[in-house]
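Hi there,

Here is the structure I promised to pass on to you. Have a look at it first, and then read my notes below.

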Amino acid sequence: MEDETPSIRDMLAVNLRAARAARGISLSELSRRSGIGKATLSQLESGGGNPTIETVFSLSRVLEVAISDLLDHRAGGALTVVRGADVEVLSGEGVDLRPLRRIETGDGVFEVYDQVVRGDAPQRSQGHVGVEHTIVQTGSLLVEVAGRSVEVGPGDYVAFDAREPHCYTAAEGPVHSVLLLQYRADERLDGRPHPVLKG
């Protein structure tokens, strides 16, 4: 029997409250640091609202936790099946992400996402912890990292230090790809270690 996957809203509510409490940051201070309204944060902590990629990435940066620390429900077992239709989409300006799995090995963490770069707008990031690995399945993807750009197509692979500002743009229509985010469990944006939240 397969477990029902909690919604992104539900997991973000639980994990956001825990991360904020672990850091000793008030809702007002988190609002100031992240640029997200206090009412919006309160709504997210209550399991409401409509979180976007930009919101989750901003909270991840400010709280110095991995994205999966905010979205993951830590399911495990000998056989893990993630049905595409059962995974809630987290959308941003130009990307739809479906978080599929968080994998922990020793002090390393891997987050696996199904990613669609829609083609209606570029998806920009100010940077976050880890190394991004992207494998394009269909379409043509323009990847910009710290002033350099490369176009990759079906079967191509690109990787880069995700702490650098970066941008994904679909060159001609939607691009389907697999995104793997790799980092150390204790990694922070500035490269210094920090205590990991205990779940």
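A quick word on terms: a residue is called buried when its relative accessible area is under 20%, exposed when it is over 50%, and partly exposed in between (1.4 Å probe, protein chains only). This is a predicted model, in which local features need pLDDT of at least 70 and side-chain atom pairs count only at pLDDT 80 or more, while totals for chains, interfaces and linings use all residues. Residues are numbered from 1 along each chain as its sequence is written, and side-chain values use heavy atoms, leaving out hydrogens and water.

Now to the salt bridges, each a side-chain nitrogen of Lys or Arg within 4 Å of a carboxyl oxygen of Asp or Glu. The count by this rule is 9.

One of them pairs arginine 118 with aspartate 96, at 2.8 Å from N to O. This pair links distant parts of the chain, 22 residues apart: aspartate 96 lies in strand β2 (residues 95-105), and arginine 118 in the loop between β3 (108-117) and β4 (123-125). Helices (H or I, at least four residues) and strands (E, at least two) are DSSP runs, numbered from the N terminus. Arginine 118 is partly exposed, at 23%.

Strands β2 and β3 are also linked by arginine 98 and aspartate 114, 16 residues apart. Their salt bridge spans 2.8 Å, N to O. Aspartate 114 is buried at 18% relative accessibility, and arginine 98 is buried at 18%.

Arginine 102 bonds with glutamate 104 in a salt bridge, with 2.9 Å between the closest N and O atoms. Arginine 102 is buried, at 11% relative accessibility.

Happy exploring!
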